[in-house]
Amino acid sequence: MLRIALMQIAPTGNIEGNLEKGIRMCRKAKELSADIALFPEMWSNGYDIYSRPYEEWKEDAIFSDSSFLRSFRALASSLEMAIAITFLEKGAGKPKNSMILVDRYGDEKLHYSKVHTCDFGEERNLEPGDDFHVTEIDTEDGIIKTGAMICYDREFPESARCLMLKDAEIILVPNACPMEINRLSQLRARAFENMVAIATCNYPDTVPDCNGRSTIFDGIAYLPDTPGSRDMCILEADGSEGIFVADIDMDALRSYRKREVHGNAYRHPGKYQILTKTEVNEPFIRNDYKP
């Protein structure tokens with residue numbers, strides 16, 4: 001079993017406090033026997049980009065080799081637990097909304113920046129990521145093929161589909177927004193149609209415009225010799241602050257992926273050329289929208 005800890009915790013108001021609290025909560029996650037600890041979106045500054053002007057919050061950006069991130073690398077090694085830590089990343093130009101996955105040996109295995117930035121709001125000031133990446137991490141449950149999406153990436157089926165085509169078995173999703181029925185349904189659909197496990201970590205309801213409800217969908221919709229389908233949601237947190245854990249049966253997921261008909265089994269990619277076009281003449285495409 002692969003145990004995921006969703007760190008549904010509130011930020012402290014500054015990076016030093018977030019570092020201290022993040023370390024303390026990771027230690028608690030290890031006490032709960034977690035293999036991977038997943039933080040909500042942009043933990044380094046608590047996703048505090050809407051209450052302040054861009055010229056102010058861009059100063060929160062940190063480099064990927066900052067002491068903040070070095071501390072979590074060292075922590076992962078000392079705890080022998082993988083940590084998916086999120087941060088506002090400083091780059092050559094605009095900042096990025098990023099996540100680094102450190103394995104239980106303290107090695108960086110995945111560095112992902114949000115591709116679908118929310119350009120209708122303050123995230124228009126962010127530099128989008130350039131691709132979806134999958135890595136292998138060594139856990140006590142064996143090698144796990146892992147990818148990531150961040151929040152709004154969830155709303156584009158292509159995000160999870162790209163990760164599935166790169167052999168992802170589990171997708172980690174840091175989040176910072178209200179998780180209501182439609183967004184939760186998107187996660188369920190991404191797990192169902194790609195036969196992947198999806199773990200999403202949100203901020204608790206004490207954080208403005210967030211409501212907790214972090215989830216894990218294990219990606220297994222049908223069991224052998226069991227009529228009908230099953231609920232893939234093996235964990236849905238309430239709105240409170242806390243660490244929420246659940247176990248994913250990776251052997252069962254792999255067996256399911258071998259026998260079922262979703263994912264890449266019966267696709268017709270030659271008929272999907274329109275998906276790669278940058279110009280689509282549809283009335284609901286709002287290329288001229290300005291917030």
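I looked up alanine 92 and found it exposed, with a relative accessible area of 95% (exposed is over 50%, buried under 20%, partly exposed in between, with a 1.4 Å probe and protein chains only). Alanine 92 sits in the loop between strand S3 (82-89) and strand S4 (96-102). I then checked its distance to isoleucine 150: the two are 58 residues apart in sequence and 21 Å apart in space, C-alpha to C-alpha.

I note that this is a predicted model, where local features need pLDDT of at least 70, side-chain atom pairs count only at pLDDT 80 or more, and totals for chains, interfaces and linings use all residues. Residues are numbered from 1 along each chain as its sequence is written, and side-chain values use heavy atoms, without hydrogens and water.

Next, I went through the fold. The protein has six helices and 12 strands (DSSP runs, numbered from the N terminus: helices are H or I, at least four residues; strands are E, at least two). I read spans of about 55 × 50 × 30 Å for the C-alpha trace along its principal axes.

Then I turned to the interior. Buried residues make up 50% of the 291. The largest nonpolar core holds 89 residues, and Ile4, Met7 and Cys26 are among those touching the most other members (a core joins buried Ala, Val, Leu, Ile, Met, Phe, Trp, Tyr and Cys through side-chain atoms within 4.5 Å). I followed isoleucine 4: leaving out residues up to four places away in sequence, its contacts include Ile36, Ile170, Phe244 and Ile248 (contact means heavy atoms within 4.5 Å).
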